[in-house]
Amino acid sequence: MTRKTKIAFDVGGVLSKYPAIFRPLVAALQASADVEVWILTDMSNPQKVRETLALNGFDFPLERIVCADYETYGEACKSVLLEQLEIDVFVDDMPFYLAQGAPVRLQLLPDLTRPYYHDSWQIPGETGDFGRRKAHHSGD
C-alpha cells in the first residue's frame, strides 16, 4: 500500500487571499483517495482556525489543522512540523516558512494590488480590517 501524498496550505495570505481560487482546488484534492490535505498555520488556536475556515467555505477536520509553535521554534516553526508530519507539498506566502521541511515548497508571491485577506474573508466574532484587509501601496 502506497502512502498518500500530503499537501498542506497556509491560511493567512494564501487561503485568505484567494478563497475563490483555492476553495475548488482544496475540495478536489480532498476528494482524491490518494491525497491528504492539511492546514499548517502559525495561528495559535486550531478550533478558531477550523471555525474561520468553515465560515469561508473550507471543510477541514480538526485533526488536519496544525498550529506551528512560533514561540519555541521561531521562523523554523513550520519546517519542524513539515518534517514531523511528512508533508510532501506545502503552499505558503512567507519565504522563511518555506526554507526547508517538505520536498516541494510553493510560494505564493506577494501582489501589492491585493490585500492579505480577500474582501469576502470572514473571521468569527470579529469585525474590521483584520490588520491587513486592504492593500497598501507605496506612495499612497
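Visitor: How many helices and strands does the protein have, and in what order do the elements run?
Guide: This is a predicted model. In it the protein has 5 helices and 5 strands. From the N terminus on, they run β-α-α-β-α-β-α-α-β-β.

Visitor: What pLDDT does the protein average, and what is the pLDDT over residues 136-140?
Guide: The average pLDDT is 89, and 89% of the residues score at least 70. Residues 136-140 have 3 contacts in the model beyond near neighbours in sequence. Over that stretch the pLDDT is below 50.

Visitor: What percentage of the residues count as buried, and how much area does the protein expose?
Guide: The protein has 140 residues, and 42% of them count as buried.

Visitor: Which residues of α2 are buried, and why do they line one face of the helix?
Guide: Helix α2 covers residues 19-31 and reaches 18 Å from its first C-alpha to its last, close to the 18 Å expected. An α-helix has 3.6 residues a turn, so residues three or four places apart point the same way. Seen down the axis, the buried residues of α2 fall within an arc of 100°, so they line one face. These residues are P19, F22, V26 and L29.

Visitor: What do the buried residues of α2 pack against, and which residues are exposed on the other side?
Guide: The buried residues of α2 pack against β1, α1 and β2. On the other side of the helix, the exposed residues are A20, I21, P24, A28 and A31.

Visitor: Which residues of α3 are buried, and what covers them?
Guide: The buried residues of α3 are V49, T52 and L53. They cover an arc of only 100° around the axis, which puts them on the same side of α3. What covers them includes α1, β2 and β3.

Visitor: How many residues does the largest nonpolar core have, and which elements give two or more residues to it?
Guide: The largest nonpolar core has 24 residues. Those with the most contacts inside it are F9, L15, I39, L53, F58, F60 and W121. The elements giving two or more residues are β1, α1, α2, β2, α3 and β4.

Visitor: Which residues is L15 in contact with, leaving aside its neighbours within four places in sequence?
Guide: L15 is among the residues with the most contacts inside the largest core. With neighbours within four places left aside, its contacts are F9, D10, F22, V26, I39, L53, F58 and W121.

Visitor: How many residues are in the second, separate core?
Guide: This core includes A8, V66, A68 and I87. One of these, A8, lies in strand β1. The number of residues in the second core is 14.

Visitor: Why does A8 count as buried, and which residues does it touch?
Guide: Buried means under 20% relative accessible area. A8 counts as buried because its relative accessibility is 0%. Not counting residues up to four places away in sequence, A8 touches W38, L40, I87, V89, F90 and V91.

Visitor: How far apart in space are A8 and R105?
Guide: In sequence, A8 and R105 are 97 residues apart. In space, C-alpha to C-alpha, the distance is 9.7 Å.

Visitor: Where is E86 found, and what is its phi?
Guide: E86 is found in the loop between α5 and β4. At 47% relative accessibility, E86 counts as partly exposed. Its phi is positive, in a residue other than glycine, and is near 55°.

Conventions:
Residues numbered from 1 in each chain as written. Predicted model: local features only at pLDDT ≥ 70, side-chain atom pairs only at ≥ 80, totals over all residues. Heavy atoms only, no water. Helix = DSSP H or I, 4+ residues; strand = E, 2+ residues; numbered from the N terminus. Buried < 20%, exposed > 50% of the residue type's maximum accessible area, 1.4 Å probe, protein only. pLDDT = per-residue confidence, 0-100. Contact = heavy atoms within 4.5 Å. Expected span 1.5 Å × (residues − 1). Arc of directions from axis to C-beta. Core = buried A, V, L, I, M, F, W, Y, C linked by side-chain atoms within 4.5 Å.
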